[in-house]
Amino acid sequence: MSGPVTKGTDLPVLLPAAHKLAATAAAERLTGPVPRPTLRLGLLLFAIFVFSIGLAHAQAVPDEAETPLDALWRWMPVLLEGFVFNIAISFIAMMMGTVVGTLLGLGQISLMPAVRGSSWFVTQFFRNAPWLVLLFLVMLLVPFEFRFGNTVIPFPGWIKATIGLALPVMANVSEIVRGAINSVPSGQWESSESLAFSRRQTIFSIILPQCYKRMIPPWMNLYAILTMATVLASIVGVDEMMTQTRRALAAEGGATQLLVPFYSFVLICFFVYCYPIARLTIRLERRFAVKL
Amino acid sequence: MAPDTAVTSWTPDQPIVKITDLHKSFGEFEVLSGIDMSVMKGDVVCIIGPSGSGKSTLLRCVNALVDIQKGSILVEGQEINTPGLDKLALRRKVGMVFQQYNLFPHKTALQNVMMAPVMVLKQDKAEVEDRARKLLAKVRLVGKEDAYPGELSGGQQQRVAIARSLAMGPDLMLFDEVTAALDPETVKEVLVTIRELAEDNMTCMLVTHEMGFAREVGDHVYFTDQGRIIEHGPPSDFFTSAKDPRTREFLSQIL
């Protein structure tokens with residue numbers, strides 16, 4: 001059974017399906033098997049949004065002055081304020097996770113068994129823990145303020161949530177760094193060694209510069225996932241977009257015709273933000289796949 | 001087992017590399033089982049033999065890329081088989097060129113040559129650049145200074161790799177099947193470069209399958225099989241009157 005799928009069958013009834021399969025397979029060879037967010041998906045979301053508004057419109061009492069769209073318009077600044085908060089949390093968590101995760105990743109290839117072992121353990125522990133549980137743990141374990149003599153450093157909920165989200169990011173970055181370093185051919189290590197480079201020089205001047213390209217796409221992917229995970233912070237009471245949406249709905253007296261437009265709006269905001277990142281990731285992956 | 005670790009005792013009339021009863025194994029498998037060899041300064045030594053006979057491992061032992069289980073290797077009188085060996089100091093004296101070139105793909109040809117002298121030897125950048133350009137000219141790569149390895153042919157990459165090793169000013173060069181990955185036309189340009197090095201009196205240890213080169217340029221030829229040296233001698237004797245049947249069989253297959 002070699003060759004393209006179209007050659008795999010001579011039953012006429014199967015041919016259309018086989019052609020389709022071959023086309024899908026060809027497309028997946030280009031993009032990988034992961035379902036990629038497409039513009040079509042965004043349009044679909046938008047369509048749901050418009051449809052829900054229309055539906056809500058129709059359900060609304062005719063002589064009532066405000067339509068769901070008006071309500072959404074009125075609440076939009078509050079909701080967008082929450083969204084900015086989501087973005088801020090994602091940025092800070094990504095920064096913290098990347099810095100610590102890179103150190104952990106380098107620790108995983110350390111020549112000192114203690115450093116290597118503990119880096120491995122920390123990475124595996126946080127990589128295989130549910131994000132929400134980590135979030136709760138940090139919220140409950142970290143005090144709301146630190147006192148050093150007379151100075152008080154407050155630790156509001158959103159900072160704790162950011163730390164909670166940075167933990168899994170850190171573990172994932174650690175694995176990205178370790179994997180990228182391991183993917184550099186061993187000949188690079190050998191030739192650096194034989195040119196009398198120290199291990200530190202080898203890692204920072206020869207190995208890591210070859211890793212950046214390999215690390216950027218999975219790192220951006222991780223960022224998109226993190227951004228979408230920031231709504232978890234609403235469960236622990238941070239004033240981000242989901243929390244604001246719930247509050248707005250409550251203020252509107254829990255009007256059911258507002259539910260779908262409001263949550264659709266949240267979805268669209270995240271889509272608009274994450275979709276370009278996903279596209280860029282795919283483009284970078286393709287470009288880097290061609291030549292090292 | 002380690003006879004003399006003092007560096008100062010070495011003089012150029014003694015062997016630059018002296019290997020005594022060298023044993024090396026990877027796990028259970030013994031790759032080298034008792035190698036004795038000595039190389040004088042300015043010699044070109046060719047090591048030939050069937051694949052898996054431990055030739056490449058032997059070279060890697062000389063610049064301590066792999067560690068040794070038993071025996072002694074003296075490089076300029078410095079014992080390599082000691083726990084406190086200053087590997088970096090050893091590798092400044094011993095250059096190595098690989099079958100797969102192993103150039104740094106993110107650096108240009110010129111940067112590849114300059115990197116180690118600037119970063120390892122802390123030499124002046126302008127002076128190193130000057131020398132690097134001369135070395136690239138010497139391996140006939142004028143005009144390719146700013147090319148990245150991916151833009152160069154195999155033979156060109158290999159010559160950059162040779163220039164890169166030479167930039168460290170080594171006393172001894174190790175060549176590990178440097179033409180094995182090249183196509184026949186480009187083999188020659190690399191061999192010419194190595195021959196010129198030999199004519200400049202550089203000490204070279206080559207693992208090679210190029211019998212013609214070994215015969216013309218080599219001062220001494222070693223034949224290894226299953227981790228031992230079966231036979232050795234100057235190429236004039238070695239290629240015409242090999243005594244051991246294994247050497248004869250190998251030569252008959254390859255020549």
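## Exercises on a two-chain predicted model

The area buried between chain B and chain A is about 1700 Å², where buried area is the accessible area (1.4 Å probe) that two parts lose on being put together, summed over both. This is a predicted model, in which local features need pLDDT of at least 70, side-chain atom pairs count only at pLDDT 80 or more, and totals for chains, interfaces and linings use all residues. Residues are numbered from 1 along each chain as its sequence is written, and chains are lettered from A in the order in which they are written.

**Exercise 1.** Describe the contact between chain B and chain A.

*Step 1.* Count the residues in contact (heavy atoms within 4.5 Å): chain B gives 22 and chain A gives 16.

*Step 2.* Look at the atoms: carbon and sulfur supply 63% of the buried area.

*Step 3.* Find the residues of chain B that lose the most area to chain A: they are Phe104(B), His106(B) and Met119(B), together 27% of what that side buries.

**Exercise 2.** Find which residues of α7(A) meet α8(A).

*Step 1.* On the α7(A) side, pick out Gln188(A), Trp189(A) and Ser192(A).

*Step 2.* Their partners in α8(A) include Arg199(A), Ile203(A) and Gln210(A).

Definitions and conventions. Side-chain values use heavy atoms; hydrogens and water are left out. Helices (H or I, at least four residues) and strands (E, at least two) are DSSP runs, numbered from the N terminus.
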